Amino acid sequence: MTQHSARPTSLTLLGLGAMGTALARTWLAADHPLTVWNRTPTRAAALAAEGAEVADSAAEAVAANSLIVVCLLDDASVQEALTGTDLTGKDLVNLTTSTPAQARARAEWARERGARCLDGGIMAVPPMVGVPEAGGYVFYSGSPELFEQHAETLGVPLGTRYVGRDAGFAALYDVALLSAMYGMLAGAAHAFALIRKEDIDPASLAPLLAEWLTAMAPSVHRTADQLRSGDYTKGVVSTLAMQVAGTPTFLHTAGQQGVSPELLSPYFALMRRRLADGDGAEDLTGVIDLLVR
């Protein structure tokens, strides 16, 4: 069951970058006894004034508590920080951005050293930490028992979403969502580029663009349904053949506006390949199969 103790859980945090510092301040504000360590000690000074215990070494910080949260630059930094520490009986929560393979390897590495492990993918930026209405959260995967035990504490700075026992899933969900975000930002960049040389205020396009992207977002549910069923013609609104036929207009418009098509061309090329290999009556979902090697 989820832990509900009268006294807030004590924990250790390794890493005091912008995100680590935001996490630390939120736990301190909630009266969680906190031990911190950072490779650059000066970053801990402000937190010491706010009540944190500052350890002189990562090993000392790990020894101070059973719950250890790591928020460092990358997996190599985690290896460097934890080498030489005693992880026996510890609960390690790794919030460092990594690939699914790195997360799985790090979890196994921790288990071999006697620790339970959770991997986390943070879906927030530092200003969202400790602000529930901002909607930030962390994907967690790995030991379900560890998650249940510490869900209350982990939920203090940001919301929590447990996505499975496989330690690599949190990183995979994280990168999947961020990949979609960059695709959206790429489309928005192309849209703004098209009007860049015209007498159009970008501020007038922005609300229309936000409204349109919001309206298109629910289409992901149709894509998921088609992938599950294997029927890519299910619920089609605009066929692949129709959309491929319309792509020259986008490319010609870009050329006329003096805008590079490099953000659109790769996707359009995949659409044409799928049309050549598949059924023109299907949706764009078949492009996904072209991406999977």
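In what follows, a residue is called buried under 20% relative accessible area, exposed over 50%, and partly exposed in between, with a 1.4 Å probe and protein chains only. The model is a predicted one, in which local features need pLDDT of at least 70 and side-chain atom pairs count only at pLDDT 80 or more, while totals for chains, interfaces and linings use all residues. Residues are numbered from 1 along each chain as its sequence is written, and side-chain values use heavy atoms, with hydrogens and water left out.

I begin with the chain as a whole. Of its 293 residues, 40% count as buried. Its secondary structure comprises 12 helices and 8 strands, taken as DSSP runs (H or I of at least four residues for helices, E of at least two for strands) numbered from the N terminus. Along the principal axes, the C-alpha atoms fill a box of roughly 65 × 45 × 35 Å.

I turn now to the salt bridges, each defined as a side-chain nitrogen of Lys or Arg within 4 Å of a carboxyl oxygen of Asp or Glu. The whole structure holds 10 of them. One joins Arg-104 to Asp-166, with the closest N and O atoms 2.7 Å apart. Because Arg-104 lies in helix α5 (residues 100-112) and Asp-166 in the loop between β8 (159-162) and α7 (169-195), this pair ties together parts 62 residues apart in sequence. Arg-104 is partly exposed at 35% relative accessibility, and Asp-166 is partly exposed at 28%.

What of Glu-282 and Arg-274: are they buried or exposed? Both are buried, and their side chains meet in a salt bridge at 2.5 Å, N to O.
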